[in-house]
Amino acid sequence: MDKIWNYQNPVSINFGKGIFDKIHQFIGSRNYALITYSDDQFTSYTRSLIKTSGKPALLINDIAPNPDFELLSEQAKLYSEIKSKPEVIVALGGGSVIDSAKVFSAAENGFENIKNFLETKKGGEDLSSTPIIAVPSTSGTGSEVTCWATIWDKKNSRKYSLAHEKLFPEIALIDPKLMMGKSYELTLVTALDALSHALESIWNINANTISANHATFAAKSILKILPTLLNDLTNINLRTEMASASLSAGLAFSSTKTAIAHNLSYPITLGWGVPHGIACSFTLPTILQSVVSIGGFREESLKEIFGDNLTKAADNLKIYLERFNIGTTFLELGIPPEKSKKIIDEAFIGERGLNFIGSKENFLKAADSFGLLP
Ligand SMILES: NC(=O)c1ccc[n+]([C@@H]2O[C@H](COP(=O)([O-])OP(=O)(O)OC[C@H]3O[C@@H](n4cnc5c(N)ncnc54)[C@H](O)[C@@H]3O)[C@@H](O)[C@H]2O)c1
Ligand SMILES: [Fe+2]
């Protein structure tokens, strides 16, 4: 172990089929805001929530995938202007909903504070923190157990991370039944996001033995379950296993943050519309190949996931991803060579890139051997 480390996660985690039906017990007598999508399935959940917990003080149900500055600022204005302040926010949906809820939680005093905090990293004490009950409907982002939210600024091609310890949800209710309606594509991309979180928390300067244990369990499960689940989308036992794996990946990277695969992904999602789960996983075989001799508990964890021969494992991981026909090179994702090089250069000097324990030199060598770049 290389240094003194700390592992802390304050979220009260409640997991199991049907736990959503008991949400009124977690809301209690508190006045609540509900954040969700407008799709039929979520409208029907909203109705059943109203039956058990009464009408929400505020309903925001127009959350769009990849929450963007523009829409968020309008929604946050609505949130901050409401007279009877919600005592708790119920976030019912995937990462986009839970991340939006974190923004509203912090926005009681207006969105300007948040903008200022994102741009200057100062003023965290001015952010509010209304408690959040996070009810994920996808198994992927782990946002129910992290204290940050990804905010997209499509107009200016930027991505921000709203990160503050007070934004950990108070409660996570993880009900695999809510994930039964996920399509093949959504199941695939969210699982790959979770796989990436697990691996990114291992090849990370902030890794510790607790995060590594969570990550190892998560990555092993996801790699095993995903192909079967994709052929059996309504299998509740497989959905349960995937939800549990995604949660563990969340617990792993809640302590370490992500690393180079994620930093490579953001411009690819912003510029070419590649779904987050694909953008943050197509480089995993290359990164694995670049850290095969990383040493210590990180190498042990990778060997526990992939077997002793990590070079062979990197080849196998590429074959594993190729079977989903999602594109495993920059060119296959539509990114021209010059842009690809720029994305790599910038990713290694960005905040998440600096969490990566490997080197750019080894990454480029591995990229060459995998044909990641044309
Ligand atoms: N905060 C974090 O720690 C963290 C980590 C990773 C990713 N993210 C962010 O989370 C967002 C992605 O979240 P996501 O992958 O969960 O998807 P999402 O919330 O963006 O949802 C994508 C689509 O899936 C649909 N959907 C969601 N649940 C469904 C269900 N059970 N059945 C049918 N359809 C359903 C939604 O209606 C939506 O159209 C991105 O903005 C990403 O950057 C955040
Ligand atoms: Fe992610």
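Where is the place of Lys77? Lys77 sits in helix 3. Helices are DSSP runs of H or I with at least four residues, and they are numbered from the N terminus. This is a predicted model, in which local features need pLDDT of at least 70, side-chain atom pairs count only at pLDDT 80 or more, and totals for chains, interfaces and linings use all residues. Residues are numbered from 1 along each chain as its sequence is written, chains are lettered from A and ligands numbered from 1 in the order in which they are written, and side-chain values use heavy atoms, with hydrogens and water left out.

**Iron site**

- Asp193 (OD), His197 (NE2), His262 (NE2) and His276 (NE2) coordinate the iron ion (ligand 2), at 2.1 to 2.2 Å.
- Donors are N, O and S atoms within 2.8 Å of the metal (3.2 Å for Na, K and Ca); water is not among the atoms, so sites may look incomplete.
- The site of the iron ion (ligand 2) is irregular, with angles of 81 to 165° among its four donor atoms.
- Four donors count as tetrahedral if all angles lie between 85 and 135 degrees; four count as square planar and six as octahedral if opposite donors are over 155 degrees apart and all others between 65 and 115; anything else is irregular.
- Along the chain, the donors of the iron ion (ligand 2) follow the spacing D-x3-H-x64-H-x13-H.
- His262 lies in helix 9 (residues 260-272) and His276 in helix 10 (residues 276-279), so the pair ties together parts that are 14 residues apart in sequence.
- His262 and His276 are both buried.
- Buried means under 20% relative accessible area, exposed means over 50%, and partly exposed is in between (1.4 Å probe, protein chains only).

**Asn263 in helix 9**

- Asn263 also has its place in helix 9.
- Asn263 counts as buried because its relative accessibility is 14%.
- Leaving aside neighbours within four places in sequence, Asn263 is in contact with Glu346, Ala347, Gly350, Glu351, Arg352 and Gly353.
- Contact means heavy atoms within 4.5 Å.

**Two domains**

- The chain divides into domain 1 (12-178) and domain 2 (184-370).
- These bounds come from an automatic or database domain assignment.
- The centres of domain 1 and domain 2, taken over C-alpha atoms, are 26 Å apart.
- Contacts link 24 residues of domain 1 with 25 residues of domain 2.
- Between them, domain 1 and domain 2 bury about 2,000 Å², with 71% of it on carbon and sulfur atoms.
- Ser139, Trp148 and Trp152 supply 28% of the area that domain 1 buries against domain 2, more than any other three residues.
- Buried area is the accessible area (1.4 Å probe) that two parts lose on being put together, summed over both.
- One salt bridge is counted between domain 1 and domain 2.

**Salt bridges**

- A salt bridge is a side-chain nitrogen of Lys or Arg within 4 Å of a carboxyl oxygen of Asp or Glu.
- The whole structure holds eleven salt bridges.
- Lys121 and Glu351 pair through their side chains in a salt bridge (3.8 Å, N to O).
- Glu81 and Lys77 form a salt bridge (3.2 Å, N to O).
- Glu81 and Lys77 are separated by about one helical turn, because they are four residues apart in helix 3 (residues 69-81).
- Glu81 counts as exposed at 52% relative accessibility, while Lys77 counts as partly exposed at 48%.
- Glu338 and Lys341 form a salt bridge (4.0 Å, N to O).
- Glu338 and Lys341 are three residues apart in helix 14 (residues 337-349), so about one helical turn separates them.
- Glu338 is exposed, with a relative accessible area of 58%, and Lys341 counts as partly exposed at 44% relative accessibility.
- Glu346 and Lys342 form a salt bridge (3.5 Å, N to O).
- Glu346 and Lys342 are four residues apart in helix 14, so about one helical turn separates them.
- Glu346 is partly exposed, with a relative accessible area of 46%, and Lys342 counts as exposed at 51% relative accessibility.
- Lys121, Glu351 and Arg352 are joined into one network by salt bridges that share partners.

**Lys77 and Gln25**

- Lys77 and Gln25 are 52 residues apart in sequence.
- In space they are 29 Å apart, C-alpha to C-alpha.

Conventions:
Helix = DSSP H or I, 4+ residues; strand = E, 2+ residues; numbered from the N terminus.
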